[in-house]
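Reader: Could you walk me through this one, starting with how the chains meet and then going on to the packing inside?

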Amino acid sequence: MVVAEPLWKIRLKLWIRSLRTGWELFKEKKLALLGLGVIIFFAIFGLLYPLYPVIMRNLFWKDDPLTYQTFAPYDPIIGFDPDIVSHPSPPSLRHPLGTDPLGRDILSMIMYSTPREFVLGITAALITVIIGTIIGASAAYYGGVIDTFFMRLADIVMLFPSLALLMVLSAFIELTLFRLALIMGVLAGFGSITLVLKAQALTVKVRPFIDAAKSTGASDAYIIFRHIIPNILPLSFLYMMFNVTGAIFTEAVLSFLGLANIRMSWGVIIQMAESSGYLMGASIGTYWWLWLPAGVCITLLCSSFYFLGRGLEEIVNPRLRKR
Amino acid sequence: MLKFLGKRVVQIVILLFIYVTVVYWLIEAMPGSFMDQYLMNPKLTPEIRENLKRQFGFDKPPHVRYLLYLRNFVMLDLGVSFSYFPRKVTSIIAERLPRTVFLFVTSTLVSYTLGYSLGKRTAWRRGKILDKTVTMVGIVFWTIFLPLLAIFNIWLFGVILKILPLNQFIDPNLWRFAPFSAQYIFVRLLLSGLTFLLVMLVSLMIAQKMKTVGAKRLTIYVSSIGTLLILIVSWILSGHSAYAWDIIKHMVLPVLTLTLYSFAGSMLVMRDTMLDVIREDYITTAKAKGLPDNVVRDKHAARNALLPLVTNFVISLGFTVGGGIITETMFSWPGIGRAYLEALNTQDTPLLIGLLVFTGIFVLIAHLVADVLYAVLDPRIRY
């Protein structure tokens, strides 16, 4: 039989079909759907940021464009609202989530940080997964010296408490958002993820099609990239979700402790509240808008990525599937 | 087994050596040093500068200092702290370690007990309302921004309900005229806790040998309540109970926060293993025999799903030292994590290296214990 269709069309069809069956399985996981919903909500929320100052200007600053231009009250970094006597001011119509001690609008700070959190989390997780997958696959395929070297390296990386190490590294380099993502990604990539992916790759390595590919003269790189990696990719994708959670959490903690050089993020908002003394005793409840919205955002985004990961895990890992 | 142990110990020693080297050079390469705040003083003459450098040990080249450090490390000496001069790093760690360990062992024990019982129940009733709610709440706590949880707990219990102190380790007003240090009481408190744990363990082992369910329950209840009563009475009689109570009161909030934060980890592990075990044939057999549902769950399924949980427990104990930074900062708890942050801020190089190295040793030992425990608990595994 001669197949008239080009190869890419068949591949696309197969891909769509597997995606559809995956989606059918995924739809049953209500918690994972919830996570996906929250992630999509945050993505839209963050993308809507440029609209926010425009809307507010047309609502409240129509009569006073000069003050608006001078003080930029909805700028997340240099903004200031001169019409309010004392900052931090509680939530009002002008500032739906109130202002911080410097007179900046909290909602605009949160919205401005949202896309950055996504970029940070996904960059770090992508780097981790790419490194982890390649190392895991090659360690399993080659074995021997390469295997031993990377596994011992993983042992040493796992010995370091990651937060403590990042704190030390913050003394060397200014941890901007992108650098932080890079460092977190690389550190995690050589860590425990290689062990998991190597174990998975070992089960792929002993399958007959690897021997078949070898006997037809395929090169090592070809076998690793075309045969082994596609088979462990679902698992790496799954770990990516968990790594996004970890990266966002670590960034928030570092910002909260004031060790990262990030101009604005959800952690920085809480650090602002802490360093200016609004998280002490009775002020905690009085000035709740300084820490609660940002903290809830961090928690929601982290847990929704985790929910998504758990949902995918139940699809990828046959042990957890319902019988 | 002995051969395996020997191999592992050699491996650990090599790993530790590499780890110490990496840590040493990393901290050594950090820009600036503790000495700078003195050297920057323009009034100092060059002789005094040289003298200062010699006193801090900076007159020798770095590699000589590294070799000296290694020699001292082998003799279990981690050097002298700069910011707590002239205290030794080992003595600072010895002072701080019990506090961190007490905090974490308590919360780990509580959260693993909680995680075990919740995990087996959620797996048994998979997909039901209980499973969904508990998993969701657990994951939200597992991924919560830890400072947020700490702030919330401080606000709820310290500010609104006013039943617990906000932070710190002791109440200074109470301790001002105390004839002994807080450490004195604390170590005794730790020993009491340890005694209670030991008695519980022994009574559990005795209860295993008992024939009837009633006798088992009686043994456990009598021994635990009896020990608790004896301990409380002896504390009251000693006259230090107010001080001990003060420390315990200060400990509740951090322990609560850590427990809430970490119980989902063990719960999810337990749930996943249980789901695996439930499919085994012997569970079907046990059900077919007509055994009650909770007997099958507790005796047949949960026992066999316990193994990963136990090893996880040991490994998580290993990470306590490093994991305390956030909690201890939020609650001003003077443990290892706080000491680390302080040492980082004051550039106290010996203390910094000492803490990191000590953490590494702790983790390595925990891994070794986990390996051994695995072999002891699972008869199928032979090294």
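Reader: How many residues of chain A are in contact with how many of chain B?

Author: This is a predicted model, and in it 47 residues of chain A are in contact with 51 residues of chain B.

Reader: And how much area do chain A and chain B bury between them?

Author: Between them they bury about 4400 Å², with 77% of that on carbon and sulfur atoms.

Reader: How many salt bridges and how many polar contacts go with that?

Author: The rule finds two salt bridges across the interface of chain A and chain B, and the count of residue pairs in polar contact between the two chains, both at pLDDT 80 or more, is five. One of the salt bridges joins the side chains of Arg126(B) and Glu314(A), at 3.4 Å from N to O.

Reader: Which element gives the most to the side of chain A that touches chain B?

Author: That is α14(A), with 11 residues. The elements giving two or more residues to this side of chain A include α2 (30–47), α6 (144–159), α7 (162–172) and α11. By class, the side of chain A that touches chain B has 33 nonpolar, six polar and eight charged residues.

Reader: You mentioned α7(A); is it mostly covered or mostly open?

Author: Mostly covered, since eight of its 11 residues are buried, among them Leu163(A), Leu166(A), Met167(A) and Ser170(A).

Reader: Switching to the packing, how many residues are in the largest nonpolar core?

Author: The largest nonpolar core has 136 residues, and those with the most contacts inside it include Met167(A), Trp266(A), Phe145(B) and Tyr340(B). Its largest share, 13 residues, comes from helix α11 (residues 220–256) of chain A. There is also a second, separate core of 19 residues, which includes Phe104(B), Ile185(B), Ala244(B) and Met251(B).

Reader: What does Phe145(B) touch?

Author: Not counting residues up to four places away in sequence, Phe145(B) touches Phe249(A), Ala252(A), Val253(A), Phe256(A), Ile270(A), Gly295(A), Ile298(A) and Thr299(A).

Reader: One more residue, Thr99(A): where is its place, and is it buried or exposed?

Author: Thr99(A) lies in the loop between α4 (65–71) and α5 (106–142) of chain A, and it counts as buried because its relative accessibility is 0%, where the cut-off is under 20%.

Reader: What does the side chain of Thr99(A) reach?

Author: The side chain of Thr99(A) reaches the backbone nitrogen of Ser89(A) at 2.9 Å. Leaving aside neighbours within four places in sequence, the residues in contact with Thr99(A) include His87(A), Pro88(A), Arg104(A), Trp289(A) and Leu290(A).

Key: Residues are numbered from 1 along each chain as its sequence is written. Chains are lettered from A and ligands numbered from 1 in the order in which they are written. This is a predicted model: local features need pLDDT of at least 70, side-chain atom pairs count only at pLDDT 80 or more; totals for chains, interfaces and linings use all residues. Side-chain values use heavy atoms; hydrogens and water are left out. A nonpolar core is a set of buried Ala, Val, Leu, Ile, Met, Phe, Trp, Tyr and Cys residues joined through side-chain atoms within 4.5 Å. Buried means under 20% relative accessible area, exposed over 50%, partly exposed in between (1.4 Å probe, protein chains only). Helices (H or I, at least four residues) and strands (E, at least two) are DSSP runs, numbered from the N terminus. Contact means heavy atoms within 4.5 Å. Buried area is the accessible area (1.4 Å probe) that two parts lose on being put together, summed over both. A salt bridge is a side-chain nitrogen of Lys or Arg within 4 Å of a carboxyl oxygen of Asp or Glu. A polar contact is a pair of N or O atoms within 3.5 Å; within protein, one must be able to donate a hydrogen and the other to accept it, and residues adjacent in sequence count only if both atoms are side-chain atoms. Ala, Val, Leu, Ile, Met, Phe, Trp, Tyr, Cys and Pro count as nonpolar, Asp, Glu, Lys and Arg as charged, and the others, Gly among them, as polar.
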